[in-house]
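Please read it alongside the sequence and the model shown below.

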Amino acid sequence: MEIEATNFIEDIINKDLKEGRCDHVQTRHPPEPSGYLHIGHVRNIVLNYGLAEKYGGICNLRYDDTNPQKESQEFVDSIQDDVHWLGYNWHEIHYATEYFQMNYEVAIKLIKEGKAYVCDLSPEQVSEYRGTLTEPGKNSPYRDRSVEENLDLFERMKNGEFEAGSRCLRAKIDMASPNMNMRDPVIYRIQYLNHQRIGRSWNIYPTYDFSHPLDDCYEGVTHSICGPEFEDHRPLYNWVVENSGLKNHSRQVEYANLYIKGAILGKRFIKKLVQDGLVTGFDDPRLYSLRGLRRRGVLPNSLKNFVLAAGISKSNALIDPEFLNHFIRDELNQVSKRVMAVLNPIKLVINNWEEGKEEEIELEDYPQNEETTKRTYYFGKTSLIEREDFIEEPNPKFYRLYVGAEVRLKGAYIVKCTSFDKDENGNITTIYADYEEGTKSGTNCTKKVKGTIHWINPNHAKQVEVRLFENLVDEESQDEVEGQERATGDFKINPNSKTILDNCYVEDTVDYNFDDRYQFIRNGYFCLDKDTTNNKLVFNRTITLKDTKKK
RNA sequence: UGGGGUGUAGCCAAGUGGUAAGGCACGAGACUUUGACUCUCGCAUGCGUAGGUUCAAAUCCUGCCACCCCAGCCA
């Protein structure tokens, strides 16, 4: 399924193209390598790579690696891997740190033109001088230093002569601006850190506000697409570009964030879950990290279709998880191999079936496709069926097994339940039924029954481990995790978020592969997990089937 | 509180002066060797709110309300 969607960003691009503000489209995907990618990043990735693709332009991957305090090589590697998994390719790969010399030269130009100055105020003082939301700031006493002194001081900052935090370079704009970002923003700070890519080669680091617009211009970016939090940085973005003397003028376009109700997003929250041992790692299947989703069995196109269908607007969206689930199911339904598996087995014995006799039956691998392959399976006297497919006390809304009820065994015969055994503790141990001749599936049997259940022949079964997942966050505290910033860590973890069943059976007639997706009839969509316990196959349930059972 | 942004159904979201697209969810029915899938039908006299302009307003104007972002030498 290909989702076609246009949005306001394309309107802007079309207008720019039409009015000659640009003659091509170039975007960039600018992650900071400070965490693993999660579903909230997919929209940005789809937009940047997708728009470039759509307009025949290019999209570079550019790491915004200007703050070594939060970054590491682990994250730069994982980001590339995740982008590839989503099916995108960058044109070139760049790092903000590549442009440090060029950034530095622009800074020198600004100083020479009296548009930037070295400030000796401490971080606390800078904050004090900045004023508040309602009161204007006041000028730094160092604001009017001579060009020569600024040049000298900046050079010495670069040479590592001053303590970190003791001085910084600031753009000289307007301390009384109602926009806090324009009150002489810091554009360079001193940091003596070992950067993952450039080591200790620089003692001064440009801030995002300074490097980002410049880097966009160097690369020839036409549309710099970013989150809503940068909307009031746009005047600063433009100030930097206009005062840089660079030819290319990129345009910053903001769009709103996308959140999923009940999902914990945000790098720092996911990190906390991992650190606290509440999840097994960044690829825990319960997480909405790309790694987690992937291990859970979600296919990348489902994610793309989801963000495309959700649309792009300027109002922050808190989306119902069922909306995502729909796209996950939709794709899985098309590609999954149908297989019978019993998760919670109970024995079913056919009274009127000859002991030891097995009959070949035919099952379709992909009944959702016209030209499906088929496989042979075996029906015998004893089967394993799902415990919940039998009920002791009949209920009019229940149309599976109870004494006297008729049900079809998928691919085989219609059977009628006759009795059941209980052990001394009152647990049901065996169910008995009669099969009806002439009702085999695929023959021209006209008899119809309400229910069809799946089963496993224990002589042709693999015992496997199955992992079922539910929402990580306790439902009652879901409201507290609505938005990324609101997820303060107060949420409760759902103790049932992960269930491991180790007494499950699947047909042994199927070849199981890591890349394949399976629908266990009536039990949901599954994929193989890399972990194996006791040499048993381990299946993760990606998602359940839609449940429309009448209550 | 100064500035910026956003308010269309339970959740997303089209709409740009001509009488409220679409998807998810939900409800009813058909089909069915999966209570899945598929199909059919239903689902806003209403567009945050109060006024105003107009033959005509979700769209234009004015006031008000709600939510989000900004006072890092983070991005």
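## A salt bridge between D120 and R145

D120 and R145 join their side chains in a salt bridge, with an N to O distance of 2.3 Å; the term denotes a side-chain nitrogen of Lys or Arg within 4 Å of a carboxyl oxygen of Asp or Glu. This pair links distant parts of the chain, 25 residues apart: D120 is in the loop between β4 (116-119) and α5 (123-129), and R145 is in the loop between α5 and α6 (147-158). Helices (H or I, at least four residues) and strands (E, at least two) are DSSP runs, numbered from the N terminus. R145 counts as buried because its relative accessibility is 13%; buried means under 20% relative accessible area, exposed over 50%, and partly exposed in between (1.4 Å probe, protein chains only).

## Basis of the model

The model is predicted: local features need pLDDT of at least 70, side-chain atom pairs count only at pLDDT 80 or more, and totals for chains, interfaces and linings use all residues. Residues are numbered from 1 along each chain as its sequence is written, chains are lettered from A and ligands numbered from 1 in the order in which they are written, and side-chain values use heavy atoms, with hydrogens and water left out.

## Further salt bridges

Across the whole structure, a search finds 42 salt bridges. One of them connects the side chains of D531 and R295 at 3.4 Å, N to O. Here too the pair links distant parts of the chain, 236 residues apart, with D531 in the loop between β26 (524-528) and β27 (538-543) and R295 in helix α10 (residues 290-296). D531 has a relative accessibility of 36% and therefore counts as partly exposed.

The side chains of K422 and E392 also meet in a salt bridge, at 2.8 Å from N to O. K422 belongs to strand β19 (residues 414-422) and E392 to the loop between β17 (382-386) and β18 (406-409), so the pair ties together parts that are 30 residues apart in sequence. K422 is partly exposed at 43% relative accessibility, and E392 is partly exposed at 34%. Elsewhere, salt bridges that share partners join D283, R295, E465, R467, D529 and D531 into one network.

## The sheet that contains β19

Strand β19 is part of an open sheet of 7 strands with mixed pairing, in the order β21-β18-β19-β20-β14-β17-β22. Its edge strands, β21 (452-453) and β22 (455-456), each pair on one side only; two strands pair if DSSP finds at least two bridges between them.

Strands β18 and β19 run antiparallel and are joined by 3 bridges. The bridge partner of E406 in β19 is K416.
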